[in-house]
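Trainee: I would like to learn how to read the features of a model like this one. Could we go through a few cases?

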Amino acid sequence: MSKSFYSLVILAALSVACTGPKTLQDRLTANDRQIDEVISKMTLEEKVEMLHSKTNMSSAGVPRLGIADIHYADGPFGIREEGVPNGFQSAGWKLDSATYFPTGSALAATWSKDLAYLYGKGMGKEARLRGKDVILGPAVNIQRLPVGGRTYEYLSEDPILSAALSLGYTLGVQEEGTAVCIKHFAVNNQETNRGSVDAQVDERTLREIYLKPFEKAIVEGGAMSVMPAYNKVNGEYCSENEHLLNEILRGEWGFKGMTVSDWGGTHSTMGAMLHGLNVQMTGSNYLGQPVIDSIAKGVLTEEMVDEKVRQILRLRFAIEAVPEDVANTVMTSQPQSQDIALQVARKSIVLLKNEGGLLPLSKEVKKIAVIGQNAVLRTQSGGMGAGVKALYEVTPLEGIRRRAGKDVEVVYAPGYKNFPGRRWGPAPKEPKPLEAAAIDEEADPKLLAEAVEAARGADLVIFFGGTNKSIETEGSDRKDINLPTGQETVVQALHEANPNVVSVIISGGPCDLRVLEKHSPAIIQGWWNGTEGGTALAEVLFGDIAPSGKLPFTFPAKLEDSPAFAMGNFPDPNAGGDLFTLMYRQDRTRMSREQIAEMMAKMPKPVSKYTEGALVGYRWFDTKDIRPMYAFGHGLSYVEFDYGILKATAGKKGVKATFTLTNSGTREADEVAQLYVHRLDATVEWPSKELKAFQRVTLAAGETKTVTLEIPIEDLRFWNVEKNGWDLEHGRLELLLGSASDDIRQKAEVSI
């Protein structure tokens, strides 16, 4: 898909009659006259019923007036299986197996706006088959912490990359007639104490880093709903944050739709009513009878309720309800979506290292030893939070064996025990044979011996390491980024037995690879790559396609090098219980809402200080001159790319940069060209360099293409705290063009 196609999507959405909406947000107000007529016929009780949940995954319509309920679909990387009305347990349906798409960090590793759009279309289409109106996604928070429990759901440490992918996802979903609920607004960068932590961030950093992806999806993508985060921002809970929800979201960005609290993320009646929340999920203890009582006392008005109902009905009128006799009549997972998942997986795989050209696999390789449980463990679900009941999932071992065929023998050994992480419900009386009791448990001698024996008898070893969905999970952050359960010991022993070791990391976020780097001539980052992940990985290993993924976040050499850790801003020693876990996990003792309120009052009131400012991820490493293990944007190929001379011009609308890109290899391959900006003679404080434009380019063997990258003038501005607004610093810019943030090939200079 070409870049021009992606642009046409936006143009087509705005190509309406001159009397029609001028922005995608304005589409939501097209039915306001009809909506006002509906509101005039509603009782106060009917209006208030719309302000809170009806079931665990729905909020009420007005049956008497023909207004359908709103049905929500959990999971930004696949439509979650149907649950019981008031919980998350499976309802046991037969047709709700959905396509498991690669998770957020894998999508981000494609650096493809077009694939994000297709991804959204696949998600939106499957949501409609299930009768869902709103997808609780995309999840677009900036990846601030390498240990973040939801790194796998989020997109990138960079706002420009995250914003572009957020826009593509949003356009794709909503083109299929499903609304997105973009989340978690805002500054939700940790799971530790997420229900009570106060993220304290200065206004410039907030605007330039943490709000960019939301702004793009809302202003340009027309996102119809927004989910406030659990945490506080600068002292106020996000679900009742005047600055975020009223001043910025509705005031500055012109948002016309509805806001939906995270499950259990509403904290007061007056705060929610006055400061921008539309729907409480779940329960009615704040936006139910207390609203009616407050109106009777004169502290709230029915007109306030009317405005909230109007915003809810805008989404309801924009999204056509799926009749019950139409929904859930065919399998949710469809071949077209499965193909999209495969396309994304193929483009996401990152070749981190390839010494001696060990990859792609030589035809001389006749016996492969696949070592490591991550070659066989499925990643569609696990831990707490979003998951998918996939129709099928091709594991790495399955993919390798299918591709190898009869000519190559593939043997497997588990190599290490798997750490099951937090358990929901009672632990088994006897531990499973291949499960570790602790995450840092040493390598099992018997499993290690079996793995070494397999390695000695093979031409090549493929070691699968990394984490799992219980180690990286919603509700908690990792304590470190170490490889668990003795994996480093296993790799060292494998390398001694057979030096031809390819290591494949299956994880959602970065791992400490210092030991693997010494004992693996080739290393691949394989992600949690969806229903066709094993197929895509095998295609890369055997050379059917060239790897083309790029890291969407920095892999630090050691955790302490990353900014929040280096500045002592994380972790917080006073971790409390997780709000969502206490309220909604059905397989453990549940607390009543009164008990939860009492517990919350006693919980620590932690503060997370964002004193690193804009120096998130690569901005920190470059500015502080700290060498990471693998840099932001890094990713090798099986070919070399030659970058021609960079020519650039600047004008009132922004900067235009042009260059030639040549595939000097003997096979088709993709390159992601990245354009960074370094400020010369700046009087305002800036990071050493910042990504401002990028493009994925497909080139046939020996082909040369002319590539043009454009930086809108808006993306060169900064938030002037003295003026309380966007401002442009005039001066010289050094444009840095390359294949990664630490691999700059060409430079040019312009003035703005």
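Mentor: Start with Ala 693, which belongs to strand E22, residues 690–699. Helices (H or I, at least four residues) and strands (E, at least two) are DSSP runs, numbered from the N terminus. The model is predicted, so local features need pLDDT of at least 70 and side-chain atom pairs count only at pLDDT 80 or more, while totals for chains, interfaces and linings use all residues. Residues are numbered from 1 along each chain as its sequence is written, and side-chain values use heavy atoms, with hydrogens and water left out.

Trainee: Is Ala 693 buried or exposed?

Mentor: Buried means under 20% relative accessible area, exposed over 50%, and partly exposed in between (1.4 Å probe, protein chains only). Ala 693 has 7% relative accessibility and therefore counts as buried.

Trainee: Which residues is Ala 693 in contact with?

Mentor: Contact means heavy atoms within 4.5 Å. Leaving aside neighbours within four places in sequence, the partners of Ala 693 are Ala 673, Gln 674, Leu 675, Leu 709, Glu 710 and Ile 711. Between the C-alpha atoms of Ala 693 and Asn 31 there are 37 Å, with 662 residues along the chain.

Trainee: In what order do the six strands of the open sheet stand?

Mentor: Strands of a sheet pair through backbone hydrogen bonds, either parallel or antiparallel. Two strands pair if DSSP finds at least two bridges between them. Here the order is E11-E16-E15-E14-E12-E13, with mixed pairing. E11 and E13 are the edge strands, each pairing on one side only. From one strand to the next the twist averages 20°.

Trainee: How many bridges hold E11 and E16 together?

Mentor: Four bridges, in the antiparallel sense, pair E11 with strand E16 (residues 522–525). Val 350 has Gln 525 as its bridge partner in E16, and Lys 353 stands opposite Ile 523. Four of the five residues of E11 (350–354) are buried.

Trainee: Which helix lies across E12, E13 and E14?

Mentor: That is helix H14 (residues 396–404), running at about 165° to E13. Axes are lines fitted to C-alpha atoms, for helices over the stretch in contact, and angles run from 0 to 180 degrees between N-to-C directions.

Trainee: Which strands stand at the edges of the four-stranded sheet?

Mentor: This open sheet has the order E9-E8-E6-E17, and its pairing is mixed. E9 (236–237) and E17 (607–609) are at the edges with a single partner strand each, so one side of each has no neighbour in the sheet. E6 (residues 198–200) and E17 run parallel, joined by three bridges, with Asp 198 opposite Val 607.

Trainee: Which residues of H15 are buried?

Mentor: In helix H15 they are Leu 447, Leu 448, Ala 451, Val 452, Ala 454 and Ala 455. They cover an arc of only 160° around the axis, which puts them on the same side of H15; the arc is that of the directions from the helix axis to the C-beta atoms. The face turned away from the buried side carries the exposed residues Pro 445, Lys 446, Glu 453 and Arg 456.

Trainee: What do the buried residues of H15 pack against?

Mentor: They pack against strands E12 (367–371), E13 (409–413) and E14 (460–466), and against helix H16 (487–497).
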